[in-house]
Amino acid sequence: MKIAIVGAGYVGLTTGACLAEIGHTVTCLDIDARRIARLKAGEMPIYEPGLEALSRVNREAGRLAYGDDVAAGVGDADAVFLAVGTPSGPDGDIDLTPIERAARQVAPNVRPDAVIVVKSTVVAGTARRLRRLVAEARGDERVPVAANPEFLREGSAVGDFLEADRIVAGADDRRSARCLRRIYRPLCQRGVPYVDTDTVNAEMVKYAANAFLALKIGFINHVADLCEAAGGDVADVARGVGLDRRIGAAFLAPGPGYGGSCFPKDTRAFAALGRRHGAPQWMIETLIDKNEERKRRLAARILGELERAGPGRNVAVLGLAFKARTDDVRESAALTVIPALQQARCRVSAHDPQAIETARPHLPGVALHDCPYRACEGADAVVILTEWDDYRALDLGRLASAARGRTIVDCRNLVDPAEARRHRLDLVGIGRPARRDARAAGTRPGGARDYERIAASPA
């Protein structure tokens, strides 16, 4: 099939390369001429493992192309995917203006027997709303609009597409249903489950799934706090819980809270949808507040460790991306923690294997390094925020020699406590038993009252 994808961002580029890989002829379109020029020159504008190589192979095979003339690019397509951004509005609801603009732009130019497919994450009822807009723009109702949400995780998007847990195909008419099934037949033949439903249900599946996964993250973070207070170890607790097949181990790793382009935006939109329809999603509303609070409390906790260790105010932060295997810093813990440390007059240096350039505009005054040990030179405390394998494999002897202080605040529990002890480093983990000296003093790392006092006090 001939497929056009409007929007050459993360979702559009991944979808385009993967659809080409399973045999379709795909053109990725974007009004950003500079972005398209980079793509035509073989330069991938985003970091996603495996995507650049997959795109190159399919371009060379003649199955994948790029263009900046949207009107011309959709004219001969059997299906036109809309993969434009849906940013958050001030009340948390998504702004549909970009996708409505894209629908109006393509409507007069698509073939009357084509199908428009919404790939962007949109709230329930959007595909039906766009179908009305397309009909108005065309002056007829021949072109249907389907919903086909994406479930791509940054850092593993290619595998998530080609070896998907499921394909959710939302269609309100037989033609759209046949079109989607034809597009995904190669994956279905490999055994990928196919969920055939209407557009409203398909749109709801995406938000409900992301909300539930975000809840798992919030839940294990609360359990981690309880483990610290009660003397437990969240790693053992999470493993015991995750082995229950009804629950599963995924998303049960404690950390600094979720971030990125999906969970923050999608949970806010899900909550806004609930308010709009008179069905408030109180668990999600609470989760949103607690997730942001966790990042702020983490900054206070780091300040508390600095105060305990001595007068130094040099902090090395390892990890700027919201998660490993991506250069995306949107709503990452680093963008909350580092400014709070700077406000407390800390001098911050930082490292990330991929996100230095994407983080740079957001972190003025931070010394950014391409080597983690350089970032740690002279540090009174080292903070690990992102679960990169690079940090799991840190040479603690080299780190101890570079840093001035002995404190490591490991927000991902990557560092082996025995190795830290061997190098006489003071390791502070998440959801691990409080240190003996803290218990003896009647406090514990993470104690809310003490850290809130430190965060509020002048440096």
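This tour moves through a predicted model, from its nonpolar cores to its aromatic rings and then towards the end of the chain.

Local features are given at pLDDT of at least 70 and side-chain atom pairs only at pLDDT 80 or more, while totals for chains, interfaces and linings use all residues. Residues are numbered from 1 along each chain as its sequence is written, and side-chain values use heavy atoms, with hydrogens and water left out.

**The cores**

Select Val6, Val74, Val80, Leu82, Ile99, Val106 and Leu130: within the largest nonpolar core, of 47 residues, they touch the most other members. Such a core is a set of buried Ala, Val, Leu, Ile, Met, Phe, Trp, Tyr and Cys residues joined through side-chain atoms within 4.5 Å; buried means under 20% relative accessible area, exposed over 50%, and partly exposed in between (1.4 Å probe, protein chains only). Helix α10 (residues 199-230) supplies the largest share of this core, 6 residues. Helices are DSSP runs of H or I with at least four residues, strands are runs of E with at least two, and both are numbered from the N terminus.

Beyond its neighbours within four places in sequence, its contacts (heavy atoms within 4.5 Å) include Val6, Ile99, Val106 and Leu130. Another core, of 43 residues, lies apart from the largest one; Ile3, Leu13, Phe81 and Leu152 are among its members.

**The aromatic rings**

The whole structure holds 3 aromatic pairs, that is, rings of Phe, Tyr or Trp (its six-membered ring) with centres within 6.5 Å; planes under 30 degrees apart count as stacked, over 60 as edge-to-face and the rest as tilted. Display Phe161 and Tyr184: their ring centres are 6.3 Å apart and their planes stand at 40 degrees, so the pair is tilted. Phe161 belongs to helix α7 (residues 157-162), and Tyr184 to the loop between α8 (174-183) and α9 (185-189). Both residues are buried.

Move to Tyr258 and Phe263, an edge-to-face pair with 6.0 Å between centres and 85 degrees between planes. Together with Phe251 they form one aromatic cluster.

**Towards the end of the chain**

Select Arg412, in the loop between β13 (407-410) and α19. Arg412 is buried, at 17% relative accessible area, and its side chain reaches the backbone oxygen of Leu385 at 2.8 Å.

Finish at Ala418 in helix α19 (residues 417-422), which is partly exposed at 39%.

Technical notes: A polar contact is a pair of N or O atoms within 3.5 Å; within protein, one must be able to donate a hydrogen and the other to accept it, and residues adjacent in sequence count only if both atoms are side-chain atoms.
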